[in-house]
Amino acid sequence: MHQGSTAKRPLGAPHAKKLLGLGLLVAAGCGAKVKSPARVPYVEVWELAQFADLEQDYGAALSLVDMDADGERELLVGAPARDPDRDGVVLFVSLQSLSVVDAVLPWRSNGDTSAHHDEFGKSLVWGDWNRDTRIDLAVGDPGADVGSVERAGEVWVFFGPIDTAVATRLSSSVASSGGRFGETLAAGDFDFDGYQDLACGAPHPAEIAADADGSSLEVFFGPDFTRHERWEAGSAGGSFGAALVSVPQPGGGAALVAGAPELSDADGVLGGLFAWERFVDASARRVGAPRAIDSEFGRAGSYGDFDGDGRGELAVAALAGRGGVYFLERDRFVEQGRLALPAALTARAGAPLFTTPDLTGDSAEELLLLSSRASDPAALLFSPGRGLAHLVLDFAAAAAISSNFDWDDAPELLLATPTSLQSGGGLSDLSLIDVSWQDVRSLDAPRRPPVVIPGVAALRGRG
């Protein structure tokens, strides 16, 4: 949706879930004094929509992009299958009507007997890899069999204009059983040639295979992906590539940063971070390091301007031990500060990070701490580079996007809670988060029950 659109609609019914409360964060070494915010944000959570069936894990991944170049962006919903004998799907949902307008799914040509496409849609990233001005979509399928190698994983690339029956399928040049290639994805111009490239992680943990160092990362270079390079974890250990972050560089292009949360040294499993910068060296180098009080550094990361100084920073989570978020310079990757997290937000399994636009009006972007299990609530970290405040929600969320959904002057957040993260295994839903110090015009509109979005079961019935 765009701000100038006139087709306004109510945003759903009040959400039954309450907020767990606002707390202060402590930012160490950021050069800012921590004090109570002048205005404590009042945040409302609205239940926008539910998916109609339990067949898929709707909302495992989200993206927002104008796939058909009609001037209106579509919500892309990654939906792995909950039955390992079924296929995952990516739904294209209209934000005007909250209806499914298209979908992509793993197709099989004659003679193709590949199996285990249930995790298709686990990860999503878009770009314009062939630079033809049309949007291209990459879909992770980390549980797929590759030839006779079970659960090696692959990535499907649909070049725009999207034809669901035409895809480029990418797999690791050294496929390994249980490798989970495509679990993580990132896009950026990593070789500084003007074309976007696609990075695919295979971050399986050490216990998946006998060779604990089997984790890997492969970069496929635009425009046609025929050229590619592979990094093996080596001493980085299992889960290398658990986080992949494209970090824009001052002179153009991007550095690719990969997390290695199981990297260990004499102090135990502390984690690590590796940066691949073609203009510095053709190989990856280790950057950043956690303090001894934290561990699993590199489990999650995101890029944004978190202190409002006009320069972007790399945020990297270390969610074990005491737990904290580290902020690194975007070019030299030197630590700028550490944000201590409250106990409720540590000891999390995975917990991806998502950068949101400025919600507080102080020019600093916010961080959303997401979930990988139902017992880990999502949390919003306001102005994290300054250690302003945090807000813990009482529900888990696997993915998020931000946009101006109600046509005011500020963005809102849309969070997805798939069935696998619902307490009791309920229907997947979409929740809208609105910070009330903004001018929220939609609050004057009458509410209606949350929209029901047809799922795969209903779409199958159309045929």
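Biologist: Which residues point one way from β30, and which the other way?
Modeller: This is a predicted model, in which local features need pLDDT of at least 70 and side-chain atom pairs count only at pLDDT 80 or more, while totals for chains, interfaces and linings use all residues. Residues are numbered from 1 along each chain as its sequence is written, and side-chain values use heavy atoms, with hydrogens and water left out. In a regular strand the side chains alternate between the two faces of the sheet. In β30, H390 and V392 point one way, and the other way point A389, L391 and L393.

Biologist: How many residues of strand β30 are buried?
Modeller: Buried means under 20% relative accessible area, exposed means over 50%, and partly exposed is in between, with a 1.4 Å probe and protein chains only. Strand β30 covers residues 389–393 and is largely enclosed by the rest of the structure.

Biologist: Which residue in the turn of the β29 and β30 hairpin has a positive phi?
Modeller: The hairpin leaves 6 residues between β29 and β30. In that turn, a positive phi of about 40° belongs to S383.

Biologist: How many strands does the protein chain have?
Modeller: Helices (H or I, at least four residues) and strands (E, at least two) are DSSP runs, numbered from the N terminus. The chain has 463 residues, of which 56% are buried. Its secondary structure comes to 1 helix and, for strands, 34.

Biologist: What is the strand order in the open sheet of 4 strands?
Modeller: The pairing is antiparallel, and the edge strands β9 and β12 each pair on one side only. The twist averages 20° from one strand to the next, with axes as lines fitted to C-alpha atoms and angles running from 0 to 180 degrees between N-to-C directions. The order is β9-β10-β11-β12.

Biologist: Which residue in β12 stands opposite V155?
Modeller: Strand β11 (residues 154–158) pairs with β12 in the antiparallel sense over 3 bridges. Opposite V155, β12 places L170.

Biologist: With which residue does the side chain of D118 make a polar contact?
Modeller: D118 lies in the loop between β8 (100–104) and β9 (123–127), and counts as buried because its relative accessibility is 8%. A polar contact is a pair of N or O atoms within 3.5 Å; within protein, one must be able to donate a hydrogen and the other to accept it, and residues adjacent in sequence count only if both atoms are side-chain atoms. Leaving aside neighbours within four places in sequence, D118 has contacts (heavy atoms within 4.5 Å) that include P80, D83 and R86. The polar contact, at 2.9 Å, is with the side chain of R151.

Biologist: How far apart in sequence are the parts that E119 and R180 tie together?
Modeller: E119 and R180 form a salt bridge, that is, a side-chain nitrogen of Lys or Arg within 4 Å of a carboxyl oxygen of Asp or Glu, and their closest N and O atoms are 2.6 Å apart. E119 lies in the loop between β8 and β9 and R180 in the loop between β12 (168–170) and β13 (184–188), so the parts they tie together are separated in sequence by 61 residues.

Biologist: Is D191 buried or partly exposed?
Modeller: D191 forms a salt bridge with R227. R227 counts as partly exposed because its relative accessibility is 37%. D191 has a relative accessibility of 10%, so D191 counts as buried.

Biologist: How many salt bridges does a search of the whole structure find?
Modeller: One of them joins the side chains of D376 and R373 at 2.8 Å, N to O. Salt bridges that share partners also join E119, R180 and E183 into one network. The search of the whole structure finds 16.

Definitions and conventions. Pairing = 2+ DSSP bridges.
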